[in-house]
Number of protein chains: 2
Amino acid sequence: MALENNLRIYRSEDFAQMDKRYRTQLVNSMPGIKALNLVGTRGEDGAENLAVFNSIFHVGANPPYLGMVVRPDSVDRHTWQNIQATGSYTLNAVGADFYRKAHQTSARYEKGESEFLETGLLAVYRQGVVAPFVGESAIKMGLELQEFHRVECNGTIVVVGKVVYVELGEDLLFEDGAVDLVKADAVGSVGLDGYVSAAWLDRLSYAKPDKAATSILP
Amino acid sequence: MALENNLRIYRSEDFAQMDKRYRTQLVNSMPGIKALNLVGTRGEDGAENLAVFNSIFHVGANPPYLGMVVRPDSVDRHTWQNIQATGSYTLNAVGADFYRKAHQTSARYEKGESEFLETGLLAVYRQGVVAPFVGESAIKMGLELQEFHRVECNGTIVVVGKVVYVELGEDLLFEDGAVDLVKADAVGSVGLDGYVSAAWLDRLSYAKPDKAATSILP
């Protein structure tokens, strides 16, 4: 760690010596504001599970695939066990009116204790999707397990799912198909425990080499 | 596609029939507000490349690993070629004062045309990191390629890198190591072309089963 012009600099040896909790906070927050979703699953015994994730990423649009990271040795393990057992999971956008309940799902409940019951969030079901959705969520996505990859360096699992169901309010769609996440009150995630609301700066036209992009925000 | 109570519902068959651009907008934006970073790389010939990515995700904190998705058949290909050639890349937070320049890097410049020169963003170098950083960026991260996985269903590549360098302002760090992305003016990404600013809702204490979390935002 070096102090230069009020800059903090960390290199590999600094990370190795860093307090564990400090390092966890730093590394989880520094890559930026992340998508926040509640992941709903159901065990083979029917027990419902709900867990908050901020590691969702885009893999492809046609067909629609989304990725997610699970740590099999952590509070994520029930989610991953259920996905493997049923092949089904849901992603549910976290709204500004219930982000505290979403946070609460990260408590280490025992297997069998439903985070839906513990937090008061509503489990709802849709035809063709085994896993439960969050009734309060403005954007509901149902996925089927497509494939997964074990990250060799630390044993985490990259899960890729195919989106088979999407439900959202008509009023949240721009004409071109983009979702107005600001209007949806979608909460962004900072690190392990931070929650932010979003305001539009702009939407910009497709970038071309010799032309400045223009605003396409209605 | 079905209209029920002003809800839009899409299933697999709807996605398959959907206009390509509409589907791309929908699928890229629906998972939530994403971390936005400029990825800096350098070819074996020394040519600098800069590209905007919103697929960065957390893989581990000790040692620190971050993941990223690249599509080898797209504008990402120069980034991926350079990462494979040198093993080095940088992630640079996009600030509210230069998100338009970050957007412009997504134009399809020819190989050899530097996005640094085209956009006016400053390439800066740090000891021990081959790839260039973005001088304007408040949070600079240097990474080394750790491993990669080919996603079988659509050929995209999940890249995992080890963070070997981090530089940020002292004033952006909370006492516990978390980064104040709001103070950093870090821009969030919505889909392909949307940019949002963030405001704190809260930071919450570690969740426990029988206790309500409390605010830990200073």
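## Strand pairing between the chains

Strand S14 of chain A, residues 194-203, pairs with strand S14 of chain B, residues 194-203, in the antiparallel sense, and 9 bridges join the two. Within this pairing, Ser197(A) stands opposite Ala199(B).

## Confidence in the model

The structure described here is a predicted model. Chain A has an average pLDDT of 95, and 98% of the residues score at least 70. For the model, both ipTM and pTM are given as 0.96.

## Relation of the two copies

Two copies of a chain are related by a rotation about an axis and a shift along it. Here, chain B is superposed on chain A by a rotation of 180° with 0.0 Å of shift along the axis, and the RMSD is 0.0 Å. This is therefore the relation of a two-fold axis. Both copies use the same surface, since 100% of the contact residues of chain B recur in chain A.

## The contact between the chains

Chain B contributes 100 residues to the contact, and chain A contributes 100 residues. On the side of chain B that touches chain A, 56 residues are nonpolar, 26 are polar and 18 are charged.

## The largest nonpolar core

The largest nonpolar core holds 121 residues, of which Val179(A) and Val179(B) touch the most other members.

When neighbours within four places in sequence are left aside, the contacts of Val179(A) include Ile139(A), Leu168(A), Leu172(A), Leu173(A) and Ala184(A). Val179(A) is also in contact with residues of chain B, namely Leu26(B), Ser29(B) and Met30(B).

Methods
Residues are numbered from 1 along each chain as its sequence is written. Chains are lettered from A and ligands numbered from 1 in the order in which they are written. This is a predicted model: local features need pLDDT of at least 70, side-chain atom pairs count only at pLDDT 80 or more; totals for chains, interfaces and linings use all residues. Two residues are in contact if their C-beta atoms, placed from the backbone, lie within 7 Å. Ala, Val, Leu, Ile, Met, Phe, Trp, Tyr, Cys and Pro count as nonpolar, Asp, Glu, Lys and Arg as charged, and the others, Gly among them, as polar. Two strands pair if DSSP finds at least two bridges between them. Helices (H or I, at least four residues) and strands (E, at least two) are DSSP runs, numbered from the N terminus. Copies are superposed by least squares on the C-alpha atoms of residues with pLDDT of at least 70 in both. pLDDT is the predictor's confidence in each residue, from 0 to 100. A nonpolar core is a set of buried Ala, Val, Leu, Ile, Met, Phe, Trp, Tyr and Cys residues joined through C-beta atoms within 7 Å. A residue is buried if 20 or more other C-beta atoms lie within 10 Å of its own, exposed if 12 or fewer, and partly exposed in between; C-beta atoms are placed from the backbone.
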